[in-house]
Amino acid sequence: MAQINNNFLKLPGSYLFSDIAKKVNSFKAENPGIDLIRLGIGDVTRPLPEACIEAMHRAADELASSASFHGYGPEQGYDFLIEAIIKNDFEPRGIKLSNHEVFINDGAKSDTGNIGDIFSRDNKIAVTDPIYPVYIDSNVMAGRAGELGIDGCWSDITYMPCNEENGFVPSLPSRHADIIYLCYPNNPTGTTLTREELKVWVDYALKNGSIIFFDAAYEAFIREDNVPHSIYEIEGARHCAIEFRSFSKTAGFTGVRCGYTVIPDEVTATAADGSKVQLNKLWLRRQCTKFNGTSYITQRAAEAIYSPEGKEQVKANIDYYLENARIMREGLKKSGMTVYGGVNSPYLWLKTPEGYGSWNFFDTLLEKANVVGTPGVGFGPSGEGFLRLTAFGKREDCIEAMRRIEKYI
Ligand code: PLP
């Protein structure tokens with residue numbers, strides 16, 4: 001008789017965004033005339049940069065002729081894209097990478113979720129809290145999380161709270177961690193780490209033989225100087241860190257699907273016989289078995305992000321969202337609210353008013369201001385007492401949402 005992976009049964013049944021959708025749908029059914037402003041889910045609203053569209057059209061035309069047709073590509077990605085990435089995202093920051101250290105994928109979710117494949121079930125995991133839920137759920141599926149407690153925490157996972165008291169800068173884990181997930185700029189809090197703060201983590205990892213999974217999906221939103229764009233800006237990180245990047249929020253690729261993962265040659269972990277194994281080689285083996293590459297058309301579109309026009313168009317899109325974030329930050333402050341993030345990030349982390357938890361503030365904003373956010377507690381126990389708003393909406397919606405919130409408050 002076939003048996004399931006029982007770890008899947010441990011996952012709580014409903015998913016944050018489906019709970020929200022249920023509440024929103026029932027509100028709409030009861031109030032059909034009301035127009036809601038949705039600033040909850042982190043999806044973009046601006047169209048793809050023109051340079052990407054043109055590149056996709058050209059690539060599609062190439063596929064129309066047998067002389068220029070492309071079938072299966074390299075599992076790891078085409079060199080034209082890998083070289084553009086290294087030249088533009090890393091070399092200007094003094095980071096040297098070889099082509100084989102970059103793996104093109106179909107978005108950061110896949111690789112942040114799948115990377116656990118090459119690690120033993122016995123590794124101890126540490127996560128910042130609140131957190132992008134994929135990191136925990138994928139470890140639950142792999143059997144690394146233990147049991148879910150009534151406090152919302154998994155028994156075998158170490159949580160590193162990020163809250164107002166520590167300025168959203170996590171302290172080192174209270175017990176040994178083999179694998180540490182860091183996401184900066186952070187989803188959901190919108191906060192960042194300085195170089196000095198990130199160095200503490202690299203030093204910890206080097207000292208303890210740990211690996212850092214550094215999710216830099218929101219790197220393109222960094223505008224301040226002392227915020228590292230890549231963990232490899234920190235000395236020693238080539239020995240202990242894997243970095244995940246995404247074109248989703250950078251260039252509106254949420255529906256196109258492309259990102260990449262960097263695994264330097266120096267990152268190793270221990271095998272059962274005590275030998276050190278290069279994670280790059282293991283991941284390549286995993287990808288060649290389970291992944292057949294991102295489509296040629298998509299990779300050509302991603303390459304176009306790095307053309308002179310592409311860079312300008314991408315910057316214009318990100319500037320648009322960051323201006324939304326500024327308008328929202330100021331609007332919320334004017335309403336007397338406490339808000340974090342939204343400077344190097346499209347996310348605003350809003351403290352709920354006195355006496356309100358995340359979910360009842362979500363309900364109140366929905367009913368009284370007709371604005372949809374995401375309850376902070378949905379991202380982990382330390383998110384209680386916060387609500388996440390995204391700056392990915394249309395400008396007029398962001399302005400109107402602030403007007404409604406100010407009126408309600
Ligand atoms: N990492 C973080 C922190 C995210 O917030 C998201 C998407 O919201 C992703 C990864 C996944 O991005 P992608 O669209 O590239 O799969």
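**Helix packing, sheet and ligand surroundings**

The axes of helix α12 (residues 358–369) and helix α13 (residues 395–408) come within 10 Å and cross at roughly 100°; axes are lines fitted to C-alpha atoms, for helices over the stretch in contact, with angles running from 0 to 180 degrees between N-to-C directions. The two helices are therefore roughly perpendicular to each other (65 to 115 degrees). Thr 364, Leu 365, Lys 368 and Ala 369 of α12 make the contact with Arg 404, Ile 405 and Tyr 408 of α13 (contact: heavy atoms within 4.5 Å). Helices (H or I, at least four residues) and strands (E, at least two) are DSSP runs, numbered from the N terminus.

The model is predicted, with local features requiring pLDDT of at least 70, side-chain atom pairs counting only at pLDDT 80 or more, and totals for chains, interfaces and linings using all residues. Residues are numbered from 1 along each chain as its sequence is written, and side-chain values use heavy atoms, leaving out hydrogens and water.

Four strands form an open sheet in the order β11-β12-β15-β14, with antiparallel pairing (at least two DSSP bridges between two strands). Its edge strands, β11 (339–341) and β14 (374–375), each pair on one side only. Helix α12 packs on this sheet and touches β12, β14 and β15 (386–390). β11 pairs with β12 (residues 347–351) over three bridges, and Val 339 is opposite Leu 350 of β12.

At the ligand, a polar side-chain atom of Asp 215 lies 2.6 Å from a ligand nitrogen atom (polar contact: a pair of N or O atoms within 3.5 Å). A ligand oxygen atom is 2.7 Å from a polar backbone atom of Ala 108.

Terms used. Parallel < 35°, antiparallel > 145°, perpendicular 65-115°, else oblique. Polar contact = N/O pair within 3.5 Å; in protein donor to acceptor, adjacent residues only side chain to side chain.
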